[in-house]
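Thanks for coming, everyone. Let's walk through one protein chain together. Please look at the screen.

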Amino acid sequence: MTFTGDERAQSVQVGAVLLFGVLIIAFSSYQAFAVPEQNQEVEFNHNQEVQTQLQDLRNAIVSVPGQPSQQAVSVQLGTRYPSRLVATNPGPPSGLLYTDGTSNESQNLTIRNAEARTPETADYWDGTTPRHYNTGAIAYKPEYNVYGEAPETVYEHSVVYNQFREGNITLSEQAMVDGRDITLVALNGSMSRSASDSVTVDVEPKSQSSRTVRVTNTTATANVSVSFLSRLPASEWRVLLDDEIDPNPGNKGNEQYVASVTGAEGPGSLYNVTLVFERGSTYRLKMAKAGVGSGDTDESDAYLTTVGSEDVTVAKGDDEEIVLEARDAYNNPVSDIEINGSVDGSNAGSLTTDTQSSDSDGRVRFVYEAGQSMATGTYTVQFSLDEVNGSFDGETPEDVTVQVTVTEANQGSGGESGNTGLIYNEDAIALNSNGNTDGGVDGGVQFSVTNELGEEITITTVAIDPVNDDIIRLSDTFSNDRDPAPQENEVYIQADTNGYTDFGGGTDVPRTVDVDSDGSLNGPNPVLSDTSTATFHLFEFIQDTFFGSSEIDMTGESVTITVTYELSSGGTDSKMFTVTPGGANTNAQPNADFTITSNGGESNGKWDFDASQSSPQGDIAAYEWDLDGDGIFDDANGQILEKRSVSSGTKVALRVVDAEGNADTVRKVV
C-alpha cells in the first residue's frame, strides 16, 4: 500500500501557520503604531499638565511682592504609560526643569533714568545711576519618547510661554506694567532637576514688601526705562504690552504710559528688550526678589531714608519722633540693621538714644528733644548706616539729614505744629446742605488739608469728635438713591481720587469712620498726591435738645478731626487737628500740653499723665484724654491721670477746652 500523493491534514497545518502569521503581524502593527499613538496621547496630556503647573509657578513668583512666606509648587517632570498585558512600553519619559541666567551676574534687568520723588530716597534713586538686578528664566524641557514636537515651556519676566522651533505661544499675560504701576520680580538661585516623577519648587521671598517708590524721569530729555534679556523678541513683547503702549505718546488721559518697546540682539539666542516710559509722569515702582533652588542670596541694606517728612517742627520743651527706614536695593525693609544718630552742633537739642536697630519693617524711631532754653531756629540731625563722623555726607544713600525747626511754645491749635506733614489749612466753614431742607441751618462743615509729606498718601479713616457734647449725630438730608456728591453724604472727601461714606439714616458721633467700608454706600479710599489738597465735607451735625434733636449751626463749634493715612512708601500715620468754622469764640485759645512719667520697673507698665502745664490754667474747663490712639476723647477726664495702662508706642492725645468752647489738642508717643 502506498500513500504517495496523499495530502490529507495539510490544509489545517497551513491554516494554523497563516493564522499565527496574521496574529504576529497584528501584534507588530499594534506595537509599532497603536502603542506609540496611545503613548503620544499620554505624553501630550502630561505636557498640558506641566504647562498648567508652570503657570502656577509663575503665579507664585509674581505674587512675591505681597507674599512674605515661602510658597511650594509641585511640577510633574515625567509621566507613566498605562500597563499593557502583551505589548511593551519604552522607559518612562522624564523632563528637565532648570534655571537659566539666574546666577549669571552679567544677565541683568536694568532700570535707568528713574529719580525718586522723595528727596532722601532720591539719594539712591538719583536718576543718573543705572540700577542692575540679576535675573533670568526657569524652563521645562521635556524628554518624551514619542511626542517629538513638544515645546519647551519657559517662565521669564512675569510671562509663561511655549517655545517651539517655529515660534512661541504665550500662556499668560504680562504683569510688569499696569498703567503707572511697574512691578519687577527678579529670579535668583540655581536649579537643575531631571526626573520622571514630580518635584517641589520652593519659591522663597528673598526681598519683598508691598511698598512702592514713586519715580519719574530725571531730566526733561530722559525717559524712565526698563531693559532685560529675553528669549522673546521685542515684537512679541509689543503684543504682550499692547494695552499699555500709548498710540499717541504724551497723551496722559488714556492710562497708557509705555512710549515704545525696542529690541536688539543679545548674547547667544537672547534679545535685549527695553521698555521706554513716557516723560512727565510719576510711576509707582514695586520690586521683589524670589529665590528658587540653591544658591539664592539674601539682600543687605542699600540705603537709608526718612518715613514721612524730612523736616520736623517741634516746640521748645517738647519732643518729636523721627522715623527712618533701612532698605535694600529692591526698596524693601531690612531688619536688625544698626542705625546711628547725632545732633549737629552744641545746644541744638538731643536724641534720647544715639543708636537704634531696625525692626521687622526696617524702621527705627528716634526721639528728638528740644530744650526749654534753646533758641528758636533750624537744627540739623544726622543719621547713618555707618558711624556719624567726619565722612558723613547727607547726599549719599547711607546717610540722612533731617532739619528740625524749633519754635516757641503754643504754636496754634493743631496739637502737631509745623509746616510739613498733612497740613490743615485753617479754612473751616459752616454750610447748609445742598437740599436746604432744614430751614437754612448751617449744620455742615467743610475744610481742607494739604499733603506736604513728600509722597502720595491714601486716606483710610477719619475720626470725628465734636467738642460740644450736645452734638450727637451726623446725618445728611438725602437718601442713597442719589449719586454721591459733596454735601450729599455724611462724609465726602474730594481728592485726586474721591472717597465717600453714606450711613443711610446717619451715624452717632463721636465716631471713627472707615471711609471705604463703614457705610451703606461707600466709595474707594481717597488718594492724595504730594502737594495736592483734599477737601472734606461733613454733613450735617445734629444736636440733642430738650425738645428733641435738630440741626445745629456749626459756626464757632469745634470738632477734633484725626485723619489716618497710608504712605505710598509703606506704613501708616495720622494727623490730628481741631477745626472751628468761622474761627474761635475768643482771640485767646488754650494751649494743650502734658508730660508722661513712670516709676520704671516698679510701674508694671502703667504711666502717669500730667496736663498741669497746659495754659492758661484758669480758663480751662475740661481736660479730655484719648489713651488708645483712636482719635476719640472718651477714655478719661481730668488734669492728672495716674497709673494708667497704655501700650508703649501709643499716641496719647489731650484735648483742653475753655469755658467758651475753644479747644486745643496735643499728641505724644508713650
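First, the ground rules. This is a predicted model: local features need pLDDT of at least 70, side-chain atom pairs count only at pLDDT 80 or more, and totals for chains, interfaces and linings use all residues. Residues are numbered from 1 along each chain as its sequence is written, and side-chain values use heavy atoms, with hydrogens and water left out.

What is the chain built from? It has two helices and 50 strands. Both are DSSP runs, numbered from the N terminus: helices are H or I with at least four residues, strands are E with at least two.

Now the dimensions. The radius of gyration is 35 Å, while a compact globule of 670 residues would be near 26 Å. That radius is taken over C-alpha atoms, and the globule rule is 2.2 Å times the number of residues to the power 0.38. Along the principal axes, the C-alpha atoms fill a box of roughly 155 × 70 × 60 Å.

How much is buried? Buried residues make up 50% of the 670. Buried means under 20% relative accessible area, with a 1.4 Å probe and protein chains only.

Next, contacts, meaning heavy atoms within 4.5 Å. Take those with a separation of 6 or more: residues 24 or more positions apart account for 70% of them.

On to strand β18, residues 283-291. Seven of its nine residues are buried. Which strands does β18 pair with? Pairing requires that DSSP finds at least two bridges between two strands. Strand β11, residues 181-188, pairs with β18 in the parallel sense over eight bridges. There, V185 has A288 as its bridge partner. Strand β14, residues 213-217, runs antiparallel to β18, with three bridges. R214 stands opposite R284 in β18. β13 is also antiparallel to β18, again over three bridges. P205 is partnered with A290, and S207 with K289.

β13 leads us to β1. Six bridges join β1, residues 71-76, to β13, residues 198-207, and the two run antiparallel. V73 faces V201 across that pairing.

Last stop: an open sheet of four strands. The order is β19-β21-β25-β23, with antiparallel pairing. Two bridges join β23 to β25, and L351 has Y368 as its bridge partner in β25.
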